[in-house]
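Subject: Structure handover

Hello,

Here is the structure I promised to pass on. Please open it next to this email and follow along.

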Amino acid sequence: MDNIDKKLLDIVQGKFPLVAEPYGEIASLLEISEDEVLSRLERLKNDGIIRRIGAIFESKKLGYSSTLCAIKAPDERVDEVAGIISEYIGVTHNYLREHHYNIWFTITARSQQELQRIMAEIREKSGIQDLIDLPTIRMFKIRVHFSMSDEGKNSGLKTQDSSQKKVAARPAHEISELEKSIVRELQGDLPLVQRPFEPIADKLGIEENDLVAKLREMNDQGIIRRFSAVLHHRSVGFSANAMGAWRVPDDKADEVGKKMAKFPQVSHCYQRPTFPTWPYNLFTMIHGKSTEDCEEVAKLISQDTGIEDYRLLYSTREFKKDRKSTRLN
């Protein structure tokens, strides 16, 4: 990648222009032609740098419920159990991690009842009862931006969209039919054409400008968490990521969570419930160029917060990563 590629990646990871001709606006920022922007983005996708460009929706704002789960699968059954889990449309992420709770996955469903049904079915089909349910109690931070250009480099990471607020769920009846249609159409990859929203608007039977205006409204309301490029982090040099699990006294969780969220190498920071077999209540996703980087960041977090009881769980396999799992009827 040359410096223009790196600047381009910084822009599309940031605030992607919600206008009729977004690639033209990006071209003006880079002082290159729109055709060059499109050809560079196509190459970056083909080279495995960009995973997708599009909307990432806040499931709670769409009336959905979600949770993080972990299951203890025997080593010889990992592929089988992971396959059972990944078959569910609502499972968005499914990873193998280095721990006796070795398969970690997220579920998004239309209700708490549906979440519980899916978990019960996974227990029944796998024959494994040791599955823990870890819904978010509080979100301290979500969102990572891999700074690529010289202008953006510091640690190589910068984070956005930090929050100490709970995300309020939205009743399903408040979601309009137009919003449902937009969600269905925009969970994929935005086309690399001059007016990418035009064919989507045509399919929805509305004017292009009305669609763009509605996207801005949904973005302002937090229904769209962000509209941006998502990168394959390993392809841009961040080959290691560790899920840090921290045992924090409940009365210090808010204070400690806010401190952890300030670290630029931490992309996600959540408070979750504990279990007798899982005493860790704060979770941090730590990114680095090596496992040593992740270990060093964890040590710095420990020193800053005074929390010494923690585990780092590294992902060793990705069974599923599918952001299209929020499907509205």
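Asp5 and Arg40 are both buried. Buried means under 20% relative accessible area, exposed means over 50%, and partly exposed is in between (1.4 Å probe, protein chains only). This is a predicted model, where local features need pLDDT of at least 70, side-chain atom pairs count only at pLDDT 80 or more, and totals for chains, interfaces and linings use all residues. Residues are numbered from 1 along each chain as its sequence is written, and side-chain values use heavy atoms, with hydrogens and water left out.

**Salt bridges**

A salt bridge is a side-chain nitrogen of Lys or Arg within 4 Å of a carboxyl oxygen of Asp or Glu. Side chains of opposite charge can pair when their charged atoms come close. How many salt bridges are there by this rule? The count is 22.

Start with Asp5 and Arg40. Their side chains form a salt bridge at 2.7 Å, N to O. Asp5 lies in helix H1 (residues 3–13) and Arg40 in helix H3 (residues 34–46), so the pair ties together parts that are 35 residues apart in sequence. Helices (H or I, at least four residues) and strands (E, at least two) are DSSP runs, numbered from the N terminus.

Next, go to Asp79 and Arg317. Their closest N and O atoms are 2.7 Å apart, in a salt bridge. Asp79 belongs to helix H4 (residues 78–86) and Arg317 to strand S13 (residues 310–321), so this bridge ties together parts 238 residues apart in sequence. Asp79 is partly exposed, at 48% relative accessible area. Arg317 is partly exposed too, at 40%.

Then look inside one helix. Arg117 and Glu114 form a salt bridge, with the closest N and O atoms 3.7 Å apart. They are three residues apart in helix H5 (residues 112–126), so about one helical turn separates them. An α-helix has 3.6 residues a turn, so residues three or four places apart point the same way. Arg117 is partly exposed at 39%, and Glu114 is partly exposed at 21%.

Some salt bridges share partners. Asp2, Asp5, Glu36, Arg40 and Arg43 are joined into one network this way.

**Rings**

Rings of Phe, Tyr and Trp (its six-membered ring) pair if their centres lie within 6.5 Å; planes under 30 degrees apart count as stacked, over 60 as edge-to-face and the rest as tilted. That rule gives nine aromatic pairs. In one of them, Phe16 and Tyr23 sit edge-to-face, 5.9 Å centre to centre, with 80° between the planes. Phe16 is buried, at 4% relative accessibility. Tyr23 is buried as well, at 0%. Elsewhere, ring pairs link Tyr101, Trp104, Trp278, Tyr280 and Phe283 into a cluster.

The rule asks for NZ of Lys or CZ of Arg within 6 Å of the ring centre and within 35 degrees of the ring normal. Arg97 lies over the face of Tyr95, 5.4 Å from the ring centre. The charged end of Arg272 sits over the ring of Tyr270, 4.6 Å from its centre.

**Strand S4**

Is strand S4 (residues 103–109) largely enclosed or open? Six of its seven residues are buried, so the rest of the structure largely encloses S4. Two strands pair if DSSP finds at least two bridges between them. Strand S2 (residues 65–71) runs antiparallel to S4, joined by seven bridges. Leu68 has Thr106 in S4 as its bridge partner. Strand S3 (residues 91–97) also pairs with S4 in the antiparallel sense, over five bridges. Here Leu96 stands opposite Ile103 in S4. A hairpin of five residues joins S3 to S4.

In helix H6 (residues 177–185), the buried residues are Glu179, Lys180, Ser181, Ile182 and Val183. Their cover includes strand S1 (50–57), helix H7 (198–204) and helix H8 (208–220).

Ala55 is in strand S1. Ala55 is buried, at 4% relative accessible area. Leaving aside neighbours within four places in sequence, Ala55 is in contact (heavy atoms within 4.5 Å) with Leu186, Ile224, Arg226 and Phe227. Ala55 and Leu215 are 160 residues apart in sequence, and their C-alpha atoms are 9.3 Å apart in space.

**Cysteines**

A disulfide is a pair of cysteine sulfur atoms within 2.5 Å. A search of the whole structure finds zero. Cys269 is buried at 0% relative accessible area, and Cys294 is buried at 0%.

Best wishes
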